[in-house]
Amino acid sequence: MSFRQKRTRIPLLALTVTALAAAVCGVTTAPAATGAEVTVPLSVGAAAGNATPIPGFVIQSSAQVGDDSAVSKPGFPTAGWYPVSSRSTVYAGLLRNGQYADPFYSTNMKNVPAAQFSVPWWYRADLNVEDTSSRTYLDFSGVLSKADVWVNGTRIATKDQVNGAYTRHDLDITAHVRAGANSVAFKVYPNDPNNDLSMGWIDWAQTPPDQNMGIVRDVLVRRGGPVALRSAHVVQKLNSSLSHADLTVKADVRNDTANAVQTTVAGTVAGKPVSQTVSLAAKERKTVTFPVAGLDNPNLWWPAGMGSQHRYELDLTASVGGTPSDSSKSKFGVRDVKAPLNSSGGRQYSVNGKPLLIRGGGYTPDLFLRWDKTAAADKLKYVLNLGLNTVRLEGHIEPDEFFDLADDLGVLTMPGWECCDKWEGHVNGEEKGEPWVESDYPIAKASMFSEAERLRDHPSVISFHIGSDFAPDRRIEQGYLDAMKVADFQPPVIPSASKRPSPITGASGMKMNGPYDYVPPVYWYDKSQKDRGGAWNFNSETSAGVDIPTMDTLKRMMSPSELETMWKNPSAPQYHRSSSTTFANLKLFGDALTKRYGAAANLTDFVRKAQLAQYENVRAEFESHSRNYTDSTNPSTGLIYWMLNSPWTSLHWQLFDAYMDQNGAYYGAKKANEPLHIQYSHDNRSVVVINQTSNAVNGLTATTKLYNLDGTEKYSNTKTGLSVGALGNKATAVTVPAVSGLSTTYLAKLVLTNSSGKEVSRNVYWLSTKADTLNWGGSDWYYTPQSAFADLSGLNNLGQSAVSATANSVAGADGTTTTTVTLKNTSGGKLPAFYVDTKVVDSAGKPVLPVEWNDNAMSLWPGETTTLTAKYRTADLKGSKPSVRVSGWNTGTQTVPADGSGPGPGNPVDYQAEDAAITQGAVESNHAGFTGTGFVNYDNVAGSSVEWTVTAPAAGTYDVVVRYANGTTANRPLDFSVNGTVSASGVGFGGTGAWPNWTTKTVKMTLSAGVNKIRAVATTANGGPNVDKITL
């Protein structure tokens, strides 16, 4: 693939005098333009096949430029222009230069003046060419959405020629290049996704004020001799026994001179030599097809978990008269992908003859299309950590590096065109997007060819959607199919992601029936509703909508007043949900949360209940599809969760947030997609074991127990000798019968052990004797209402439990640290430590992200122990020592050092007040300076109290440090008791000057080894001070 040729890169310091122009454009900001020239010319080498990305541009509004032809002339003054990276939208560049506040916070982006983006913007760069004997080209795509291209004062292409975000351009600028200084300039016109074949944000997020106008892929400066070598690729045919592959190498050669030439194209494919000599007339282009190269016993490319991810190399050089003229080097994987329709009309994917359930999520890049290879790799690694195998890219098709990462990691990709704008404007009726005009057809066809050419050799690409919500009409589809045929694109072509067929390709084998907003877990198991989104056929995009982030993220993205509105009034508009009026608020989710879990007492309570709701819902969505995958009739063949991630700080459609933090949705998905997994069915009460591994498993034992919330065991069943086939097969352990005497809210604990007795899967459900009942007749395209709700409010009264935590960390030579955490339920009695969430935090208490846990959000019964591991980049600690924050539904929050030590001098353990048991008080966050998620405001009454459950490693006297604030001048004394016995009376907490002024007071207390309860009781009518936390 010539677009992925080996590139000669110039050292950064030789390209720019600041790191800014060549840096990847990230979230952080840089100083504003100073009025000084900030870039130096890119030195372009003359070697054949040299392809060097322009490392950065300076940009400015065309409103500030009087003479277009002058901009691309060497020496043009750029004082006051903004330096940006090689791939940058206009708004991203302005953010990089510190022109606007963080767009991920509050409504900052809403306040950016959009009028400045209604005119074209200039992108300018200087080149230094020492040797003009070689030919020079500009090779690029990714202009949003059109541009005039200028070189040394001459316009070499117009916006009618450079039009469309995906069209690729290979401009021969040899005649315009001079020895020494040269300048290139792009006049980029405003992007309008409803009128241009480009990229838009649909209803995923708020639209950037510039609508992403800019250049978002590399502009390559290519050098070569008289013959250009392009489009090198491999057409492969793998036999059914996987023992032999036929490899056919193809490449285009083009004579760009006025004289006839003869060129020899030679090299290797998978180590096997190929060679062919071709005669070319002046300006002639030919496709060279080499004889078939046979490969016995090929090293195949497999999805992660099914085998290795081997890729072979294709290395070609075109020579004229024995002198290299151009070269190409790329990789390809040998694999076979098929996706036929099954007997029920669903699309069943297979790789190398092995069928698999597609389990994935809708992938999105950054809202401002800022490419960051590390961030992209982190997201794809999260895909594997979640137990998923696929990402779907609806539009916003990422650059080559993304697919290289997917190839190397074994993540399947499903790219395709997007809905709801120009791409489908000709076929989508009254929806957004203008109908096509005659000039759109060649742009669409060129876009299809460019992407097919670019993606064809990536083994991770398993299909391409030529339609999303709507399939193309015959003329549009024929253009796409013709382009794909010319490009030798071999993976399956899917007409749409909905059930709409296309005139030529036919049935899609997929459905897009929703939902996109709240439905209860039982929804997903239904196969009788043929227009809804239950676990049957291929679900190309669906979820229960709202995915509330963690409290850590919420406080980074929303103001205190916005957070208060969110939990108190979910019906209010939420800027961080969607630009769509359909998804403008949290009403459906908020109503269900209140009816199922009880009204939220405060922000903390709202967020923790949201995590439970998201966990149970996402888990059920994936578990239902896994269970129904092997059904004999109308099976589930694929599920794309909508969405994997969000392009910015969002309140919906995400398994992890923009900062890579993991919430209940993440851990629900991770639990459901364990390689070997035990699960409960919300529809028929069956307990099923699913095996997603490549090998059958025998000798399993499945244990199912039901508990009332007081810890009383009400049902137990153990099934031994279970065997489960590979690749998604299932076995039923038991169908839970009707059980009398269950509390309205109860718990189900499922444990799977292997033949050695080792626990391999644990799954805990919170269930109700009252059913969620769906009103199917009232369904809309995005949700189905309920006529009755499950009652999970009993969890509000779940008694306190205690969990001890110890942690140790080991830094590896590869730049990562692994923290190992041991959790144990140390409480007496029968109550579990429920939904215990563990986070690695730095010295400031901020989560270390990204992080890959082996498991999390655990529930442990008394005496049970589990060991968790977390892996993360050591550099993300930013020099601090790691700690572990452990928060449970009924255990409070503690932060322990992650160096193997327990509490003591230099190794304090924090217990947040907001997670303690509160009597006559409230959790608030309206005064700055607190740690954790809030603080406790005692009611102004004697007897109001806060009680912490703490763990002491040994009996003895401990310093208990109380962090508090008192904005009055009155003393607010507290009595402290340990395990019911007063330990310190009338401890004074005087005024601190103001409520945001926090200070500490140390109280000595004698604790027993193990679990202790520390209670702080107000002794006067003024109540107590505001308490942030205690530190043991």
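I started at S145, which sits in the loop between β8 (143–144) and β9 (146–151). The model is a predicted one, and I read every entry below with that in mind. I looked up the peptide bond from L144 to S145 and found it cis, with omega near -10 degrees.

I then went to the other cis entry on my list. G514 and P515 are joined by a cis peptide bond, with omega about 0 degrees. I placed P515 in the loop between β30 (493–494) and β31 (537–542). I noted both bonds because most peptide bonds are trans.

**Positive phi**

Next I checked phi. Most residues other than glycine have a negative value, so I wrote down the exceptions I came across.

I found L242 with a positive phi of about 65 degrees, although L242 is not a glycine. I located L242 in the loop between β15 (227–238) and β16 (244–255).

R685 was the next stop. I read a phi near 65 degrees there, again positive in a residue other than glycine. R685 lies in the loop between β33 (676–680) and β34 (686–691). I looked up its accessibility too: R685 has a relative value of 23% and therefore counts as partly exposed.

**Hairpin of β17 and β18**

I followed the phi check to A270. It takes a positive phi near 55 degrees in the hairpin of β17 and β18, which has 2 residues between the strands. I then looked at the strands themselves. Strand β17 (residues 261–269) pairs with strand β18 (residues 272–280) in the antiparallel sense, over 9 bridges. Which residue is the bridge partner of A266 in β18? I found S275.

**Open sheet**

I ended with a sheet. How many strands form the open sheet? I have 4, in the order β42-β43-β47-β45, with antiparallel pairing. I marked β42 (803–811) and β45 (852–853) as the edge strands, since each pairs on one side only. β45 runs antiparallel to strand β47 (residues 865–873), and 2 bridges join them. For a residue pair I looked up W853, which stands opposite A870 in β47.

Notes. Residues numbered from 1 in each chain as written. Predicted model: local features only at pLDDT ≥ 70, side-chain atom pairs only at ≥ 80, totals over all residues. Heavy atoms only, no water. Buried < 20%, exposed > 50% of the residue type's maximum accessible area, 1.4 Å probe, protein only. Pairing = 2+ DSSP bridges.
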